[in-house]
Amino acid sequence: MQTLTPIHDFLEQYANSGTVRCHMPGHKGRPLFDITEISGADSLYESSGIIAQSEDIAAKLFGSEKTLYSCGGSTLAIQTMLALVKHSGKDEVIAARGSHRSFISGCIHCGLTPVWVYPKDYMSSEVSPLAIEEKLNLRTAAVFINSIDYYGGRSDIPAIAKVCEKHGVPLLADNAHGAYLKFTRAADHPITQGASMCADSAHKTLLALTGGAYLHIADKRFLQNAKEMMSAFGSSSPSYLILDSLDCFNGFISENPDAVITLCDKLSMLKTELISAGIPVRRSDEMRLTLDCIAAGSTGTACANELRRRGIECEYADERCCVLLFGIGTSDEDIKRVKNALISGGCFPLEKPEALPEFILAEYVMPPRKAFYSPLAENIPIDKAEGKICAELWSPCPPGVPVIMPGERINKAACRMLKADRKTYIRAF
Ligand SMILES: Cc1ncc(COP(=O)(O)O)c(C=O)c1O
């Protein structure tokens, strides 16, 4: 009888079998579940056994036609989505300028040109369906949206999906931060809302090990070649520890279907209590607490330092906000400590912000791929970079949103940001 966790069951059985491991990896069983594609263990990119069974279970849980496991994070899932749409023969992808660097590097490697829609600020990726519709043209291979963004903002996916459907263009969703959405009360996951394909980082909010992610496919046109495209970018030795963690999450959520709802209710209560206590909580998705530190006369980085002193490490901080990201592993005690730290005072020391994250709005000169691979590119001191064409993906991580990217002309504002980040050289020409 098939169980909910076929990969885990196989690994357990093999670990207990006492077999002499005359195969990779070289550590020979420490950790015990770290194996390679031995007999019975299936193979990620040609899955037909336990991995295929586990992926089918995940597909049912997420309501997709097919779900592929990724051991290379959402980055690999995004590269795969882009490679799949490249097959249309079209070469442009409409996307928010606040997209993650994995999207740009995917465009570079697949030879796609991003066509930007500008959200209201650098940190946001919330774009309107109208702004997208205006950019659609005969060269559009796909629309790519990043929802949830780093502050917790979301785009109107159902409305954008309608626009895409009307024009017959696939909608790709970077849902790296929102794998949990399927299991909330609203169950408003991008696949449910009409995306053609969607990348989820299972490691960011669910229980998977770092690197564990999903590529969900709803649009049947992309089913056939998906594994092949993923294998073009991914390691030929995918980690069984990561696969095991993805597999085990299927078992966990099947047996605890309300786990995410229960956690989100607790986080909602936390936010209500903080707001009543005068803490500046910004609107965000359910799984994060975004503190609007500037509104309290402080900065996100100062607040992050204060929280660190109280034993709390945040996900991200800049001069404006401090972002705390929760996940299925968050305990009641964690929530209590966050609440007590913020309410007991002193977390928002008065401080003037230095450089707020800003849109550079650099001039587009050529497709990112052409600039990235340009033989003319060399390392140029920042003082001499103004006016040159950027050839590198400069994106402080987090949030991993390129401030300036290959093919854009480096302007004064970009040089200022580069210097503020203590960068001394940039690859350009
Ligand atoms: C918005 C966004 N998209 C994609 C990624 C890439 O995800 P992964 O780290 O799972 O490769 C990240 C990583 O932080 C991200 O923030």
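1. Let's start with the largest pocket. Domain 2 (259-343) and domain 3 (368-428) both contribute residues to its lining, so the pocket lies between them. Keep in mind as you look around that this is a predicted model.

2. How big is that pocket? Its volume comes to about 500 Å³. The lining is made of 19 residues, and the closest to the pocket's centre are Asp318, Ala355, Pro396, Met417 and Asp421.

3. Sorted by class, the lining has 13 nonpolar residues, 5 charged ones and 1 polar one.

4. Now step back to the whole chain. The protein is divided into domain 1 (6-255), domain 2 (259-343) and domain 3 (368-428). Between the centres of domain 2 and domain 3 there are 33 Å, taken over C-alpha atoms. These are the two domains that both give residues to the lining of the largest pocket.

5. Next, the ligand. Which residues are closest to it? The ligand is surrounded by 14 residues, and Thr75, Asp174, His177, Ser201 and His203 are the closest. By class, this shell has 9 polar, 3 nonpolar and 2 charged residues.

6. Some distances are worth checking for yourself. Thr75 has a polar side-chain atom 2.5 Å from an oxygen atom of the ligand. For His177, an N or O atom in the side chain is 2.7 Å from an oxygen atom of the ligand. Ser201 also places a polar side-chain atom 2.7 Å from a ligand oxygen atom.

7. How much of the ligand does the protein cover? On its own the ligand has 390 Å² of accessible area, and the protein covers 87% of that. Two elements give two or more residues to the shell, namely helix 3 (73-86) and helix 7 (202-205). Helix 3 gives the most, with 4 residues.

8. Rolling a probe the size of a water molecule over the atoms shows where empty space is left. A search of the whole structure turns up 1 cavity of 30 Å³ or more. The largest cavity holds about 30 Å³ of space.

9. What lines the largest cavity? You'll find Pro114, Trp116, Tyr364, Met366, Pro368, Met405, Pro406 and Glu408 there. By class, that makes 7 nonpolar residues, 1 charged residue and no polar ones.

10. Met24 and Pro25 are joined by a cis peptide bond, with omega at about -5 degrees. Pro31 is found in the loop between helix 1 and helix 2 too, and the peptide bond from Arg30 to Pro31 is cis, with omega near 5 degrees.

11. One more residue in the loop between helix 1 and helix 2 deserves a click, and that is Asp42.

Key: Residues are numbered from 1 along each chain as its sequence is written. This is a predicted model: local features need pLDDT of at least 70, side-chain atom pairs count only at pLDDT 80 or more; totals for chains, interfaces and linings use all residues. Side-chain values use heavy atoms; hydrogens and water are left out. On a 1 Å grid over the protein atoms alone, a cavity is a set of points where a 1.4 Å probe fits but cannot get out, and a pocket is an open set with protein on both sides within 12 Å along at least five of seven lines; lining residues have an atom within 4 Å of a point. Grid points are joined across faces, edges and corners, and a volume is the space filled by probe spheres set on the points. Ala, Val, Leu, Ile, Met, Phe, Trp, Tyr, Cys and Pro count as nonpolar, Asp, Glu, Lys and Arg as charged, and the others, Gly among them, as polar. Domain bounds come from an automatic or database domain assignment. A residue is near a molecule or strand if one of its heavy atoms lies within 4 Å of it. A polar contact is a pair of N or O atoms within 3.5 Å; within protein, one must be able to donate a hydrogen and the other to accept it, and residues adjacent in sequence count only if both atoms are side-chain atoms. Accessible areas come from the Shrake-Rupley method with a 1.4 Å probe; for residues, only the protein chains shown count as cover.
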